[in-house]
Amino acid sequence: MRISLRFFAEKLILPVHYNHILQAFIYRSLDETLARFYHEEGYRFLKRRFKLFTFSRLLAKDRSFDAQSRTITFKGPVCLKISAVDDRLLESLATYLVKKGSFRLGRNTCELDAVEVEMPVSPEGPVLVRAISPITTYSTLTTPEGKKKTYFYTPFEAEFSEKLLENLRRKAAAYWGEGAELPPLNGAYIRPLRVSKKNEAIVNFKGYWIKGWTGLYEVNLPRLYFELAYDAGLGAKNSQGFGMIEVVREER
């Protein structure tokens, strides 16, 4: 399930790296029990925990960047998309916001204009998608000196698609259980179609630097896995604002 929040602020000014502000806004707008579950628990698979929700960048036609203050100013209507595997998360968020009518993002007061529920998307076969928040996938490597190093894959490396598929398998096992009968991922892929260096995004999240990629991709996944990727996000760090995709067209 996916919802779009449309809102206004007289002048919405946020730091360039604002993902943590959006994440905090989502958590504090949820029912207390749900917020605690998603913040502290999530869905477990072995030692990993998945939150299985994601959100877009802020979408607005009128925005400007101030290099000196390292801030972005949004004017006019602004849209934020949020999706989740569990409908209760979105219902809790929407109910709270509609009752309140306004909310805070950083130091800004925003007036809610509308909450829209988007139609579910469930394509068969290859589909062209746009990343509306950067897709990231990585490995933790050990240097010859014995130090840990995070290596972020680019869409131009074969491991990018392999890691995304592996991540989807783990999310599926976390949500449906290890013993669940799931379709095989034979022939599945995520390929960059229109992605260049300018689509690389380097985001600071609470002091940690994360590399990800926007752009257009061809995605071929069994329906169950596509729906999981669409609702929970592709790749890692979804609950920090990474990996949200939207369908541009179905490749029939």
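Trainee: Over how many bridges do β6 and strand β7 pair in the antiparallel sense?

Mentor: In this predicted model, strand β7 covers residues 71-75 and has β6 as a partner. One place to look is Arg-63, which stands opposite Phe-74 in β7. The antiparallel pairing of β6 and β7 runs over five bridges.

Trainee: What is the order of the strands in the open sheet of three strands?

Mentor: The edge strands, each pairing on one side only, are β2, residues 12-15, and β6, residues 62-66. From one strand to the next, the twist averages 20°. With antiparallel pairing, the order of this open sheet is β2-β7-β6.

Trainee: Why is helix α5 described as largely enclosed by the rest of the structure?

Mentor: A residue counts as buried when its relative accessible area is under 20%, and the buried residues of α5 are Tyr-225, Phe-226, Leu-228, Ala-229, Tyr-230, Asp-231 and Ala-232. The helix is described as largely enclosed because, of its 10 residues (223-232), the number that are buried is seven.

Trainee: Which element gives the most to the lining of the largest pocket?

Mentor: The largest pocket holds about 680 Å³ of space, and among its 27 lining residues, those nearest its centre are Arg-48, Phe-50, Tyr-138, Ala-236 and Lys-237. At least two lining residues come from each of α1 (19-28), β4 (48-50), β12 (138-142) and α4 (158-176). With five residues, the element that gives the most is α4.

Trainee: How many residues of the lining of the largest pocket are charged?

Mentor: The lining of the largest pocket divides into nonpolar, polar and charged residues, with seven in the nonpolar group and 10 in the polar group. The number of charged residues in this lining is 10.

Trainee: Which element gives the most to the lining of the second largest pocket?

Mentor: This pocket has a volume of about 420 Å³, and of the 18 residues that line it, Val-16, Tyr-18, Arg-57, Ile-72 and Ala-201 are the closest to its centre. Strands β6, β7 and β15 (200-205) each supply at least two residues of its lining. The element that gives the most, with four residues, is β15.

Trainee: How many residues of the lining of the second largest pocket are nonpolar?

Mentor: Five residues of this lining are polar and four are charged. The number of nonpolar residues in the lining of the second largest pocket is nine.

Note on methods
Residues numbered from 1 in each chain as written. Predicted model: local features only at pLDDT ≥ 70, side-chain atom pairs only at ≥ 80, totals over all residues. Heavy atoms only, no water. Pairing = 2+ DSSP bridges. Axes fitted to C-alpha atoms, helices over the stretch in contact; angles between N-to-C directions. Buried < 20%, exposed > 50% of the residue type's maximum accessible area, 1.4 Å probe, protein only. 1 Å grid on protein atoms, 1.4 Å probe; cavity = no way out; pocket = protein on both sides within 12 Å on 5 of 7 lines; lining within 4 Å. Points joined across faces, edges and corners; volume = space filled by probe spheres on them. Nonpolar A, V, L, I, M, F, W, Y, C, P; charged D, E, K, R; others polar.
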